[in-house]
Structures are given as C-alpha cells and as structure tokens.
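Biologist: I am new to this structure and would like to go through it in a few questions. Please show it to me before we start.

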Amino acid sequence: MKTIFYLLLNSLPTIDRIRQQIFIYLIFLVFSSINIYSQELSDQKIFEAYYQETIELISQKKFQEANEKFKKISKLELAFPDELAYYYGYTQYNLGQYMIAKEAFEKYIKLKTDTGRYVGVAEQFIHTADCNLKGYYFNNATCEACEGLGLVDIECRTCKGKGQELCNQCFGRGAIKKRDNFGETFESCKKCIGTGYFTCTKCHDSKHEKGKCLVCDGKGKLKIKKDCNQLPNK
Ligand SMILES: [Zn+2]
Ligand SMILES: [Zn+2]
Ligand SMILES: [Zn+2]
C-alpha cells in the first residue's frame, strides 16, 4: 500500500516540477559560488604576480614603472600585506612625493606597531621626508615627567588631598539629631563614628591618585623638534 502511494505521489506532475526547480536552483547556487571563489582566486594570483614584479622594479630603481604597477594593484579588491604600504612609501619617496611617502610609511608603522622589520627604516624615511618638506623633523622621545607612563601622581580630587571626606550622613557634625516624646536628643553618627569625617574612598588616605601627565598629554611620548643636520645617515 505504501509503495503504491509513494508511486502515485511521485508521478504527480506538480511535485515533479517543484523538485526540478529545487534541483536547478541548487545547481545554480553551486555554480555561482564556484564562480565567486574562482574570481577571488584569480585576483589573488594577479596580485601575487604584480607584487613580485613591483618588488623587482623597485630593486632595479625603476620607480616610475613600479608606481604604474601600484595603480593596477590598487584596483584589486583584496586585503594586501602590510609590507605593501612600506614599498609604496619607498617608491613615492624616490619619486620625490614626500607627502604621500610619509603617509604610506605612517600607515605601515600603524599596521606593524613595533614588530615590522621596516619600522625603524620607515621612521627614518619619515624624518628625511619632513626635512625635504619643511627643513626639520620631529623625533619621538620618552616623556621624562611620567617616565613614559602617561600618568603621574596628582592630588586626590575626591578629598582635595586631605585624605578624609566630609561625612555625608551627619554633614561633618559627628552627631545626628533625633526627635522623640522627650524632645530633641543627639546620637553619635554611625557612619563616621562621631568624627564627622571618614577615610577618602578614592585614595584611602594616600592623598594622591593617578592622573594624566600634562607634559605629554598622557601619551608618554614627546615629539621633539630636531634640526635636519642632526639626522643620522644623512
Ligand atoms: Zn558622620
Ligand atoms: Zn582622597
Ligand atoms: Zn608624560
């Protein structure tokens, strides 16, 4: 009985059509995803080829041609390796485009923080680019006022350096007024144990707290204006 029912169901033209449509749709999905994937794959291949050619051109000091390659690379919608920013900066620097070069080197340093192999060189290039643009450059130095921490000891703002806070229960009186049938009586304040003050909740009587170093504006580093004659490897 079940088999007959199944055969009957299968032979229904509407169900057949639905199945066919689902099948076609699935085939379409598979093919379109393969298409997107292969597009990305070929972009990646194109990029790798351009990248190698660009590095080769740079090593031959053919900066104008390298720049043309960079224009082609920028049209590819891919995530580029960080070093690309460095090579781009180096190319622009050698083409005398110091402003663009500086931006590229800064971008590279930002991407790489301290771990990039060209970070030191990129910093040097930024200095020479500045010298070419303005005749001076800025060097990063550790702020001595805060020893590079960006924070210094300042007077506690909660207690204004007193170490004690005025009791907010008795308003510093040390006692609380109570009124009953016998008239007014005073009771010792429980919060401050009758003293009118309690230890500062912020600094715990150290009278200090950490605050932003005003010398370096909390950055821990200072930009020191330098003469281009002092530039190393000039
Ligand atoms: Zn009190
Ligand atoms: Zn305090
Ligand atoms: Zn500082």
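Modeller: A crossing of two helices is called left-handed if the near helix is turned anticlockwise from the far one by less than a right angle, and right-handed if clockwise. The model here is predicted.

Biologist: Is the crossing of α4 past α6 left-handed or right-handed?

Modeller: Helix α4 covers residues 83-94 and helix α6 covers residues 119-133. When α4 passes α6, the crossing is left-handed.

Biologist: How are α4 and α6 oriented to each other?

Modeller: Their axes lie 11 Å apart and the packing angle is about 30°. Angles under 35 degrees count as roughly parallel. The two helices, α4 and α6, are therefore roughly parallel.

Biologist: Is Val152 buried or exposed, or partly exposed?

Modeller: Val152 sits in strand β2, residues 151-155, and touches Ala145, Cys146, Gly211 and Cys213, leaving aside residues up to four places away in sequence. A residue needs 20 or more C-beta neighbours within 10 Å to be buried. Val152 has 18 inside 10 Å, so it counts as partly exposed.

Biologist: In which helix is confidence highest?

Modeller: The protein chain averages a pLDDT of 86, and 87% of the residues score at least 70. Confidence is lowest in helix α1, residues 2-11, with a mean of 52, and highest, at 96, in α4.

Terms used. Residues numbered from 1 in each chain as written. Chains lettered and ligands numbered in written order. Predicted model: local features only at pLDDT ≥ 70, side-chain atom pairs only at ≥ 80, totals over all residues. Axes fitted to C-alpha atoms, helices over the stretch in contact; angles between N-to-C directions. Helix = DSSP H or I, 4+ residues; strand = E, 2+ residues; numbered from the N terminus. Parallel < 35°, antiparallel > 145°, perpendicular 65-115°, else oblique. pLDDT = per-residue confidence, 0-100. Buried ≥ 20, exposed ≤ 12 C-beta atoms within 10 Å, placed from the backbone. Contact = placed C-beta atoms within 7 Å.
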